[in-house]
Amino acid sequence: MEQLIGELKIQIIEALNLKHVKPEQISDDQPLFGEGLGLDSIDALELIVLLQQKHNTKIANAQDGPKIFKSVRSIAEYITLHKTS
Amino acid sequence: MNQVFVIGAGVISAIGNSYSECLSSLMHCRSGIAALTTLDSIHKGKLPVGEVKLSNEALAEATGGNPALTRTALLGLHAAQEAVKDSKLPDLGAWRVGLLSATTVGGMDKTEMFFPAFMQDSKAGKLKNVVHHACGSTTEIMAGYLGVKDFITTINTACSSSVNAIMMGARMIRHNLLDIAIAGGTDALTRFTINGFNSLMILDDEPCKPFDANRKGLNLGEGAGYLVLASERVIGNLQLNPKAIISGYANTNDAYHQTASSPEGNGSYAAMKNALAMADLKSSDIDYINLHGTGTKNNDLSEGTAVKRLFGEQYPRLSSTKAYTGHTLGASGGVEAVFSVMAIDNQCVFPNLRFKTAMPELGVQPQMEMQKTNVNHVMSNSFGFGGNCASIILSSFKS
Amino acid sequence: MNFISGFCKLRDFQMITSSEHKSYGNANGETFVSGLYSDHKIDYPKFYKMDMQSRLGFLSAEFLFRDVPVKDYPSDSLSVVLSNADGSLDTDLKFDRSCQTAASPSLFVYTLSNIVAGEICIRHGIKGENAFFISASFDAELMCSYVDLTLSQPQTKACLAGWINVVEEQHDVLVYLVEKRQRGLCFEHTREQISKLYY
């Protein structure tokens, strides 16, 4: 899980063009949307693409995004549970 | 300032290849949305879209255009030619004529055929496929065939593009910069836009349900719609019978998000309000609103909120004809302006197909069936990505 | 008569306004915009999510409004009239490439010419009318007459106008503020004056 969380931080920064953020600046449980990292609805869609492309995990409903993408840990947990081989 | 008259209208969409065909479909509740057939895409046979039922070859034959032209240009030419014919102008050359055309797709339908081969091998791919890629090229091609030389311009403001083109045409006539304006827009279906809207997760995998509580998104469509606008001098001189007048219009920016509308519908509210003010009308004067009504959660709630803010509980009959045609993107304002002319010309309002349940937040009930009724003033809304909000009011000539 | 109060040009990796001229010698697009952003101490987290066209448009408006602020204008009294030749071609190409693996929603958002107008409006709270024209090349006549048309409306007091064209490493940006009142440069808003600014 820790390795996945570490991987995700790097991938999120790259996918969302967070130029001035370093992986060690994102804590595992900090909120990603709204106040946290300031991500918005388009970022959520990019995260859906990221999960599909890099982690074989599908999110069919964009409305589930806010719950799944609450923090890096919640994303990692979702992937672990729903990843298709 | 000059009044602006509508003396011709032309349209092509998923529900018909002409003004009369589209009108018949609207009146008989015949939607044109069906599974994608033409594009070579993973969505073929599955994704509901509003395809025009003519091939490029058929469009070329009907217009006298080159079949190798982009589909956007062929669709535009088809509708614009119909509009000019409908206007019964004996000679365009006798007047200062402008072509103000909107498109977001331009020649993308051909360009996307070029790239796969080119990406594999930089010497492969047919360059002639990219020659007319630019949006401006579409307009220039059309101007060539229509014989318009005095003023040509292309507008691209996403889904509000063709209303902005009509607004500009009207403005130029009001300020005596043009006598006649052929104004509207055209867009063809492409894999580019299908993939893009799919990535935004705002497509409905079933025929859309605008303004319905259970709406799931939009259906993409293609088409073209143009009005021929003229000044009083032209009308008087040629003794023409106008179909309608452009009585008001407005454009604002929502200044909220690149693609989403503000929850309060600020941009749309201001655009509708300013259009009413320009037309010197009260909200109760509007007989029918042709909504932008794409069927997305966001647009319909935002637009519905704006409508209620402006009209209160006494909102006029309203419907989204995108349930018939799909969302024709840059052409939607033009297509729907023509539908608005039809509403005035035939004294009727069109239903909002597939509507069952009102949005619980607003309780707005769109028009459920085709209805003959007094229609003097029609408001047509078009809201585009980038926060561009446009609203136009067409009124009957006698009012 | 309307008046041009200020301008900002971003071309050949140079930034030019009526108060500043800065050159970014051996830059490329990315280092140019990053340099401009950090050197002028701009703080706008969403900046790096924008495409190149929007970033350049955003920066040019930022520098223009530092010279000629518009904060005192009611939000609906400012209009935006922009144009270019290549639409959103730069991002169209990037989006099309992304479709080879998975269509990128954040790229798709920018595959429309007028999104740059939207970004400027969001940043500065501009709610007045906005238009975007596609012309083969910078059309001073069209820009002059359309901006004057928007300003002929009583509620419109000023207009951010300009040309924002980006294709890969070719950047050609000129924005200028046209107002009913005179301040700053006080240039008369004419086709000749606009051409002089551009060329």
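Reader: Which residue of strand 5 of chain C stands opposite B:Thr154?
Author: Start with the strands: strand 5 (residues 151-155) of chain B and strand 5 of chain C run antiparallel and are joined by 2 bridges. That makes them a pair (DSSP has to find at least two bridges), with strands being DSSP E runs of at least two residues and helices H or I runs of at least four, numbered from the N terminus. Within strand 5 of chain C, the residue opposite B:Thr154 is C:Ile134.

Reader: Before I go on, what pLDDT do local features need here?
Author: Residues count from 1 along each chain as its sequence is written, while chains are lettered from A and ligands numbered from 1 in the order in which they are written. This is a predicted model, where totals for chains, interfaces and linings use all residues, side-chain atom pairs count only at pLDDT 80 or more, and local features need a pLDDT of at least 70.

Reader: Back to chains B and C: which element gives the most to the side of chain C that touches chain B?
Author: The contact takes 35 residues of chain C and 35 residues of chain B, where contact puts C-beta atoms, placed from the backbone, within 7 Å. Elements giving two or more residues to the chain C side include helix 3 (89-98), strand 5 (130-134) and helix 6 (140-151). The top giver, with 6 residues, is helix 5 of chain C.

Reader: And how many charged residues are on that side of chain C?
Author: Sorting by class, Ala, Val, Leu, Ile, Met, Phe, Trp, Tyr, Cys and Pro are nonpolar, Asp, Glu, Lys and Arg are charged, and the others, Gly among them, are polar. The side of chain C that touches chain B then has 20 nonpolar and 10 polar residues, and its charged count is 5.

Reader: How many residues does chain A put into its contact with chain B?
Author: Look at the classes on the chain A side: 3 nonpolar, 1 polar and no charged residues. Chain B brings 4 residues to this contact, and the number from chain A is 4.

Reader: Why is strand 7 of chain B largely enclosed by the rest of the structure?
Author: A residue is buried if 20 or more other C-beta atoms lie within 10 Å of its own, exposed at 12 or fewer, and partly exposed in between. B:Gly223, B:Gly225, B:Leu227 and B:Leu229 point one way from the strand, B:Ala224, B:Tyr226, B:Val228 and B:Ala230 point the other way, and all are buried. Strand 7 (residues 223-230) is largely enclosed because its buried count is 8 of 8.

Reader: What is the radius of gyration of chain A?
Author: Chain A has 4 helices and 0 strands, in the order α-α-α-α. Its C-alpha atoms fill a box of roughly 35 × 25 × 20 Å along the principal axes, and 29% of its 85 residues count as buried. The globule rule (2.2 Å times the number of residues to the power 0.38, with the radius taken over C-alpha atoms) gives 12 Å for 85 residues, so chain A is as compact as a globular protein of that length, its radius of gyration being 12 Å.

How values were computed:
Contact = placed C-beta atoms within 7 Å.
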